[in-house]
Amino acid sequence: MPSPKTGSDCRYYGLFQNNFQTLCRRKTHPWPRESVILATMVSSISITLILSLIPLSTESASSDYVGRQRCIECHSGEHRLWATSHHASAMLQPGEKLATAKFDGATVNAGGVLSRFFFENGSPQVEVTDRSGQKTLPVKYFFGIEPCQQILIEQPNGRLQSYPVAWSTGTGERKKGWYSLFPGEETPPGDPLHWTGSLNNWNHMCAECHSTGVVKNFNAQKNIFETRYEEIDVSCEACHGPGSSHVEWAVKPKEIEPDSNSEQLPIPKNKGFSFSLARDLHRWVREEGQPVARREPALPDYSEQDTCARCHSRRTALVDGSQPGTDLSMTHRLSLLDEGLYYPDGQILDEVYVHGSFLQSRMHMEGVSCSDCHDPHSGALHLEGNALCIGCHEPSRYDQPSHHHHEPKGAGSACIDCHMTSRVYMGTDRRHDHSFRVPRPDLSFSMGTPNACNSCHEDQSPEWADQHVRDWFPNGRSGQFHWGEALHAARSGKKTAPGLMRMALQDSKTAPIAKATVLAEFSTVRANSKTPSMEDLQLIAGFLSDGNPLVRRGALLGLRSDQPYDLGSGLLQLLDDPDLSVRLTATEYLAPVIASWPDTKANPRPPLLNRALSEYKTSQEIHSDRAEALLNLGRLAEYEGSLEKAALTYRKALQREPHFGPASVNLADVLARLSRMEEALLVLKTAIGKVPDDAGLHHALGLIQVRTDQKIEALGSFKKARDLAPSNQRYTYVYAIALNDGKNTKEAIKVLKEALIMWPDASIFQNALQEYQSSLSEESDS
């Protein structure tokens, strides 16, 4: 059980995107000693020289936590504001006033689980009935305050589980009462979404952002959590960092006797903290004739945003027990604008928690920070409604019907109606998109993205909305290029994608997070190209030295379809990048090279390479409670040539999460390479029995069946994969190849023609169709 002193990404954790294929099978070390492709980074420099010039970083000392009671002594005003915040009620114990969920015998039947909420001996209880039987569970903690409140159930081995039936407080989008967080989902025992499943585990999914000073501390050997926190809620030191040095400085002068000759201590940097969140003496100035204010002086750094983003973002922890005061990329991997998380134009889709959206905005680029709009202690807005916005935006220009074209005070007249559209999460919680975008109905009918106009005018078409926008703003942005068009083209397999992607990257108005995402998409574009462009490769390489770590990481991700052996030694510099997220991405990409580097007593592997591997392993091992991290460690064992170790690691991943398909895919591949084909087939068939709708499992089964000369069965597996995931180009392509190999070229041609309706510019389908049609024509002629 977690407790003070003894003791995330809130869903769908994955430390690194994984295509579940071995990047390189080479066991020798053919790395060139000079860089050719990456000439912009390093030219004619030997690896030995590079490795000898790169210094190894050192760790700095830190303070200790003191608890908010010490803070209140001097900062009572800030504490009063904080006490009204959601942070103050992020985690509660039964009996606390704000634990308002009702335990009056109400029942909820959802996902194959019947839940009854009641009191017994003055203690809140949940009676759970599912396939495993019936049990009564005491509520250990309450989680959050409104618009919904969840409960935590204590389980063996130090686990706390977030129960997937929540209490609606009635202040959100649904009435007061208990409701399922996963309506329509079957969640039997063993399913990741079952209340005992990995996706409801507090230790990994929730703890970091609902308490102060959390260390997950998973013991892999014992398979137990020894999670601890310093304070149960999100208190002072969650944002300011440990305060012992600050307190030491603050109280020391008071201990000096009035008649003493002792000198008072000088004021230390940041008053004893590792960084400062004190608001600088800036102001927003709107000069006469200017529509929007500008910041004076310019924002000096992003420490405030990085502090908030440690929780208010879709991200993955790279260290266990991080403290504020460092760049976000030193402790967390921020998700890019990935498909499934955001729409192609960057609008929110999945639960992404603000920061990734805000980084896209012009407000971010102009130096606006979180506390310009929100009180940093209460979390409340400084002003409500348009009053907040017109503090910087000229009201006579923007807060007028001539701008918003709606009735004053009516729907559509509020700034957020058009510039901060919203979505409902957790069934009741409406959250606004912080990218502060201009409505673009024209992108809706070209890319299928939503727009603010049609979110209200649902009975009208995007074309109708676009015409109104063009009439109102003839010199507006309608019809102008948007970087989202590049992402849409890349993900749709259009032949225009490379050109549009270059436009996005060369546009100075494209935000770094958008550039990073565009760069990352080059991997798929190049993989699907018959002749990947050298020009594009050089373009990507140029961004490896960009000043923004998100962009450098995006460039590395864009190289995934290119063999690291072919790109030159300049890549090694990225193993000592200043930012941890970039170093780990570089290590993952270069893992086949590093792991196969000769390492003998007479010729040891260079220290930088050893440190890179060690740092990467540590980043995975802290999450060894997760199947995804074990998957990455298994891949590393493959690169090191330890197939048996890799197989063992993949089996551990399946012990953690039996439904995790990628572990079964990789395990089957390793077993096949060990010539244990029957075991490989059994692994995949067993996995399909657990998750029959996992297209990746059927595809992998088809590949093993081909290797065991079961071509008829393989064709069925490939078809099943294609049918389950019709939007996956690879599955469709492989199915077409299998049809042709099975002498059914006509059906293969039919499949390819259907694919080209969905992806009209995809060269892989065009080339295959041309080849098969020519082959069929030659057969007819003969």
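**Strands and rings**

A hairpin of two residues links strand 4 to strand 5. Strands here are DSSP runs (E, at least two residues), numbered from the N terminus. The model is predicted, so local features need pLDDT of at least 70 and side-chain atom pairs pLDDT 80 or more, while totals for chains, interfaces and linings use all residues. Residues count from 1 along each chain as its sequence is written, and side-chain values use heavy atoms, without hydrogens and water.

**Exercise 1.** Work out how strand 4 pairs with strand 5.

Start with the rule: two strands pair if DSSP finds at least two bridges between them. Strand 4 and strand 5 (residues 133-143) have six, in the antiparallel sense. One spot to look at is Gln125, whose bridge partner in strand 5 is Pro138.

**Exercise 2.** Find out whether strand 4 is enclosed or open.

Buried means under 20% relative accessible area (1.4 Å probe, protein chains only). In strand 4 (residues 123-130), six of the eight residues are buried, so the rest of the structure largely encloses it.

**Exercise 3.** Classify the ring pair Phe117 and Trp178.

Rings of Phe, Tyr and Trp (its six-membered ring) pair if their centres lie within 6.5 Å; planes under 30 degrees apart are stacked, over 60 edge-to-face, and the rest tilted. That gives 12 aromatic pairs. For Phe117 and Trp178, the centres are 3.8 Å apart and the planes at 5°, so this pair is stacked. Phe117 sits in strand 3 (residues 113-120) and Trp178 in strand 9 (residues 177-180), so the pair ties together parts 61 residues apart in sequence.

Methods
Helices (H or I, at least four residues) and strands (E, at least two) are DSSP runs, numbered from the N terminus. Buried means under 20% relative accessible area, exposed over 50%, partly exposed in between (1.4 Å probe, protein chains only).
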